[in-house]
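I opened my notebook to look up a few charged pairs and the nonpolar core in this structure.

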Amino acid sequence: MKETFEADYPDAAPVIEQAVAKHGETWVLAQYYEKLYPLGRLLEMPEKEELPFYDEAEHDTLTEDERGERYRAWGEYRENLRTGTKPRD
């Protein structure tokens, strides 16, 4: 599976492997959408479920709706930082 992963994501695989070496698989899975997945703007990133060490029975992931809500919240947060305004109530 690792060889397939590296073939499918040649740019992302080294980044993920470095994060695993530095922080461990548990950290990568817990922080994936916040710390690593945003790199998808620069290179093709796999979904969390596609990581070679992901175990569906042990780890949970965000649904598409939850992921969309998180990105909307990040967008609002960045806009608030940019404009210096407070978040809406």
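Entry 1: I began with Arg 82, which is exposed at a relative accessible area of 61% (exposed means over 50%, buried under 20% and partly exposed in between, with a 1.4 Å probe and protein chains only). Before going on, I noted that this is a predicted model, where local features need pLDDT of at least 70, side-chain atom pairs count only at pLDDT 80 or more, and totals for chains, interfaces and linings use all residues. Residues are numbered from 1 along each chain as its sequence is written, and side-chain values use heavy atoms, with hydrogens and water left out.

**Entry 2: its partner.** Which residue forms a salt bridge with Arg 82? I found Glu 79, with the closest N and O atoms 2.6 Å apart. A salt bridge here is a side-chain nitrogen of Lys or Arg within 4 Å of a carboxyl oxygen of Asp or Glu. Glu 79 is partly exposed, at 34%. Both residues lie in helix H4, three residues apart, or about one turn of the helix. Helices are DSSP runs of H or I with at least four residues, strands are runs of E with at least two, and both are numbered from the N terminus.

**Entry 3: the other salt bridges.** I looked up how many salt bridges the structure holds, and the count is three. One of them joins the side chains of Glu 34 and Arg 70, at 2.6 Å from N to O. Glu 34 lies in helix H3 and Arg 70 in helix H4 (residues 64-83), so this pair ties together parts 36 residues apart in sequence. Glu 34 is partly exposed at 31% relative accessibility, and Arg 70 is also partly exposed, at 26%.

I then turned to Arg 72 and Glu 69, whose side chains meet at 3.4 Å, N to O. They are three residues apart in helix H4, so about one helical turn separates them. Glu 69 counts as partly exposed, at 46%.

**Entry 4: the core.** Next I looked up the largest nonpolar core, which has 17 residues. Such a core is a set of buried Ala, Val, Leu, Ile, Met, Phe, Trp, Tyr and Cys residues joined through side-chain atoms within 4.5 Å. Ile 16, Val 28, Tyr 32, Met 45 and Leu 51 have the most contacts inside it. Helix H2 (12-23) and helix H3 (25-36) are the elements giving two or more residues to this core, and H3 gives the most, with five.

Entry 5: What does Ile 16 touch, leaving aside neighbours within four places in sequence? I listed Phe 5, Tyr 32, Met 45, Pro 46, Leu 51 and Phe 53 as its contacts, meaning heavy atoms within 4.5 Å.
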